[in-house]
Amino acid sequence: MASLQRATLIHFLGISIRNAAWLLYVYWVVAIVVELVFQYWPSPGGLVFLRVLEHFPEKVLRILGFWEPLKEAFLEGGISVVQLRFIYGAAVGAGFVALSVFTGFFLWFLQRFLKFLASRY
């Protein structure tokens, strides 16, 4: 119980950033492995898996408002597939960090709220 009393917002956000870094690392490694496997052994299952991995960065780019200009630039040949992959990687990073920081803030707020409720009794 003593550790809960000392847990600050910075503590929760620090844990959140570390979790985001690990999730990001795992996501990028899985994406690279799947991309390489699909490059040499294309299959319908691999294509579905690639599409699932690409859904998250697409959603982040749509929320930020970058999806339509990026799509137009790619279709017109303004950016290459490699550049698109880097942009997707950055979108995944931004999405994971935002979700992790929000989760850390929510857990800190929940801890404070529960502590407030418990202090009344």
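Modeller: Helices (H or I, at least four residues) and strands (E, at least two) are DSSP runs, numbered from the N terminus. On the α3 side, Glu58, Leu61 and Arg62 meet Trp67, Glu68 and Leu70 of α4, contact meaning heavy atoms within 4.5 Å. By class, that contact has three nonpolar, no polar and three charged residues; Ala, Val, Leu, Ile, Met, Phe, Trp, Tyr, Cys and Pro count as nonpolar, Asp, Glu, Lys and Arg as charged, and the others, Gly among them, as polar.

Before going on, keep in mind that this is a predicted model: local features need pLDDT of at least 70, side-chain atom pairs count only at pLDDT 80 or more, and totals for chains, interfaces and linings use all residues. Residues are numbered from 1 along each chain as its sequence is written, and side-chain values use heavy atoms, leaving out hydrogens and water.

Now the wider view. The protein chain has five helices and zero strands. Its radius of gyration is 20 Å, well over the 14 Å that the globule rule gives for 121 residues, so the chain is more spread out than a compact globule. That radius is taken over C-alpha atoms, and the rule is 2.2 Å times the number of residues to the power 0.38. Along the principal axes, the C-alpha atoms fill a box of roughly 65 × 30 × 20 Å.

Of the 121 residues, 25% count as buried, where buried means under 20% relative accessible area, exposed over 50% and partly exposed in between (1.4 Å probe, protein chains only). Ser100, in helix α5, is buried at 9% relative accessibility. Leaving aside neighbours within four places in sequence, Ser100 touches Ser16 and Ala20.

Helix α5 (residues 81-119) also holds Phe105 and Trp108, three residues apart, about one turn of the helix. Phe105 is partly exposed, with a relative accessible area of 40%.
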